[in-house]
Amino acid sequence: MYLGALELDILLGDVRSLKEKRSVVKPVIAALARYGVSVAETGEHDRYRRSLLGVAVASADVGHLTEVLDTCERHVAGRPELQLLAVRRRIFGPED
């Protein structure tokens with residue numbers, strides 16, 4: 001079994017309140033969940049123009065796991081209302 005995780009550091013566009021932040025982040029989380037991953041806002045809760053999203057997935061095949069994580073990263077990077085500042089990726093395998 002392999003476990004993969006992404007930590008996505010995001011700068012939000014023209015957002016002026018935490019309520020507006022939720023209206024931007026919530027659809028991103030829902031869209032990522034459609035790829036069969038677990039996703040949550042894991043940081044920057046009090047800053048309305050920043051968000052830290054955590055994505056996790058488990059798979060029997062490391063190739064499939066890498067493909068899913070790549071797809072999630074591309075999805076977030078391709079959204080025009082967001083700027084992806086940094087991505088941290090971790091993969092854990094049977095030898096870890």
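This is a predicted model: local features need pLDDT of at least 70, side-chain atom pairs count only at pLDDT 80 or more; totals for chains, interfaces and linings use all residues.
Trainee: Which residues make the contact between helix 1 and helix 2?

Mentor: Helix 1 brings Val-28, Ala-31 and Leu-32, while helix 2 brings Cys-72, His-75 and Val-76. By class, that gives five nonpolar residues, one polar and no charged ones.

Trainee: On to the sheet. What is the order of its strands?

Mentor: The order is 2-3-1-4, in an open sheet of four strands with antiparallel pairing.

Trainee: And what makes strand 2 and strand 4 edge strands?

Mentor: Each has a single partner strand, so one side of each is left without a neighbour in the sheet. On average, neighbouring strands of this sheet are turned by 20° against each other, direction ignored.

Trainee: How do you know that strand 2 and strand 3 count as paired?

Mentor: Count the bridges. Pairing takes at least two, and five join strand 2 (residues 38–43) to strand 3 (residues 50–59), so the pair qualifies. One of the partners in strand 3 is Gly-54, bridged to Ala-40. Gly-54 also has Glu-7 standing opposite. Strand 1 and strand 3 pair too, in the antiparallel sense, over ten bridges.

Trainee: Where do the helices sit relative to the strands?

Mentor: Helix 1 lies across strand 1, strand 2, strand 3 and strand 4, running at about 10° to strand 3. Helix 2 packs on the sheet as well, touching strand 1, strand 3 and strand 4, and its direction makes about 170° with that of strand 4.

Trainee: One last thing: is Asp-9 buried or exposed, and how do you know?

Mentor: Its relative accessible area is 17%. Buried means under 20%, so Asp-9 is buried. This residue lies in strand 1 (residues 2–12). Among the residues Asp-9 touches, not counting those up to four places away in sequence, are Arg-50, Leu-52, Gln-83 and Leu-85.

Conventions: Residues are numbered from 1 along each chain as its sequence is written. Side-chain values use heavy atoms; hydrogens and water are left out. Contact means heavy atoms within 4.5 Å. Helices (H or I, at least four residues) and strands (E, at least two) are DSSP runs, numbered from the N terminus. Ala, Val, Leu, Ile, Met, Phe, Trp, Tyr, Cys and Pro count as nonpolar, Asp, Glu, Lys and Arg as charged, and the others, Gly among them, as polar. Buried means under 20% relative accessible area, exposed over 50%, partly exposed in between (1.4 Å probe, protein chains only). Axes are lines fitted to C-alpha atoms, for helices over the stretch in contact, and angles run from 0 to 180 degrees between N-to-C directions.
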